[in-house]
Amino acid sequence: MTTLEYNTERPHLIIPEYGRHIQKMIEKAVLLKDRDTRNKTARSIVAVMGNLFPHLRDVPDFQHKLWDQLFIMSNFQLDVDSPYEKPTPSTLHKHPERLRYPQAHPRYRFYGNVIIRMINTCVNWEKGDLREALEYSIANHMKKCFLTWNKESVDDSVVFEHLYELSNGQIDLRKANEDLTNSRDLIRTKQNLTKRTPQPQPQQAKRIFSTNKKNNNGRF
């Protein structure tokens with residue numbers, strides 16, 4: 001009487017995509033004592049692994065990946081002659097280098113770091129109409145960011161003072177006669193941009209579905 005063998009009682013599959021038969025073939029190849037026989041068996045197993053995914057044959061370094069996976073599934077115990085450099089457990093579990101996150105602590109955080117970049121770009125431009133237009137564009141954007149942090153009305157003089165301070169005195173609109181965009185208009189523009197498209201009600205959605213079905217099939 002044969003007993004059933006459940007997958008939960010079997011050894012863990014290292015790369016489940018190849019299935020348990022490939023795993024068993026590799027485990028038997030590890031136990032082979034003759035090196036030539038192991039080399040032939042390893043090449044045969046790699047060929048079978050490649051046949052399981054024929055659509056990947058044109059992928060660069062496909063054979064290299066197959067050999068690496070062969071050693072990984074053998075827990076790096078298979079001693080054969082590989083056409084590529086053998087992987088090691090240290091290279092497999094190597095942690096990537098920690099990414100450097102830009103540490104920036106702006107004086108007025110509600111403006112964000114992008115404003116600082118815009119100001120630095122603006123001060124390098126030659127003085128003229130184009131730079132003046134950019135200065136007012138930056139000031140309007142600062143006012144809009146300020147309104148995100150402070151929902152009430154923002155005085156233009158406060159924005160001009162902050163712009164003068166952040167530009168180290170190179171952009172001075174404090175004595176300008178031109179006003180910035182009205183706070184209500186900036187808030188209304190932001191609300192229009194963030195407003196979601198209303199979803200159709202169940203009855204309306206049903207009529208839309210019926211109309212599309214009639215147009216596509218010519219009948220209900």
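Student: Asp61, buried or exposed?

Tutor: Asp61 has a relative accessible area of 55%, so it counts as exposed. Exposed means over 50% relative accessible area, buried under 20%, and partly exposed in between, with a 1.4 Å probe and protein chains only.

Student: OK, where is Asp61 found?

Tutor: In the loop between helix 2 and helix 3. Helices here are DSSP runs of H or I with at least four residues, strands are E runs of at least two, and both are numbered from the N terminus.

Student: Before I go on, what sort of model is this?

Tutor: It is a predicted model: local features need pLDDT of at least 70, side-chain atom pairs count only at pLDDT 80 or more, and totals for chains, interfaces and linings use all residues. Residues are numbered from 1 along each chain as its sequence is written, and side-chain values use heavy atoms, leaving out hydrogens and water.

Student: Back to Asp61, what is its phi?

Tutor: Positive, at about 60°, although Asp61 is not a glycine. Asn75 is another non-glycine residue with a positive phi, in its case about 55°.

Student: And where does Asn75 lie?

Tutor: In the loop between helix 3 and helix 4, the latter being residues 89-92.

Student: Zooming out, how many helices and strands does the protein have?

Tutor: Nine helices and zero strands. Read along the sequence, the pattern is α-α-α-α-α-α-α-α-α.

Student: How much of the protein is buried?

Tutor: Of the 220 residues, 26% are buried.

Student: What about contacts between residues 24 or more positions apart?

Tutor: Those account for 51% of the contacts with a separation of 6 or more. A contact means heavy atoms within 4.5 Å.

Student: Let's do pairs. How do helix 1 and helix 2 cross?

Tutor: Helix 1 is residues 19-31 and helix 2 is residues 35-52; their axes cross at roughly 170° and come within 10 Å. The two helices are therefore roughly antiparallel to each other. That label needs an angle over 145 degrees; under 35 is roughly parallel, 65 to 115 roughly perpendicular, and the rest oblique. The axes are lines fitted to C-alpha atoms over the stretch in contact, with angles from 0 to 180 degrees between N-to-C directions.

Student: Which residues meet there?

Tutor: From helix 1, Ile22, Met25, Ile26, Ala29 and Val30; from helix 2, Arg38, Thr41, Ile45, Val48, Met49 and Leu52. The contact divides into nine nonpolar residues, one polar and one charged. Nonpolar covers Ala, Val, Leu, Ile, Met, Phe, Trp, Tyr, Cys and Pro; charged covers Asp, Glu, Lys and Arg; the others, Gly among them, are polar.

Student: Take Ile45 from that list. Buried or exposed?

Tutor: Buried, because its relative accessibility is 1%. Ile22 is 23 residues away along the chain from Ile45, with 7.4 Å between their C-alpha atoms.

Student: Which residues of helix 1 are buried?

Tutor: Arg20, Ile22, Gln23, Ile26 and Ala29. The buried residues of helix 1 pack against helix 2 and helix 3, residues 62-73.

Student: And the loop between helix 1 and helix 2, what is found there?

Tutor: Leu32, for one. Leu32 is at 28% relative accessibility, so it counts as partly exposed. Leaving aside neighbours within four places, Leu32 is in contact with Thr37, Arg38 and Thr41. The C-alpha atoms of Leu32 and Asp79, 47 residues apart in sequence, are 9.8 Å apart.

Student: Further down the chain, how do helix 5 and helix 6 pack?

Tutor: Helix 5 (residues 113-123) and helix 6 (residues 129-149) pack at about 165°, their axes 10 Å apart. So this pair is also roughly antiparallel. Ile115, Met118, Ile119, Cys122 and Val123 of helix 5 meet Arg131, Leu134, Glu135, Ile138, His141 and Met142 of helix 6. By type, that contact has eight nonpolar, one polar and two charged residues.

Student: And helix 6 with helix 7, at what angle do the axes cross?

Tutor: Roughly 115°, with the axes coming within 10 Å; helix 7 is residues 156-166. Residues in that contact include Ile138, Met142 and Phe146 from helix 6, and Val159, Phe160 and Leu163 from helix 7. The whole contact divides into nine nonpolar, one polar and three charged.
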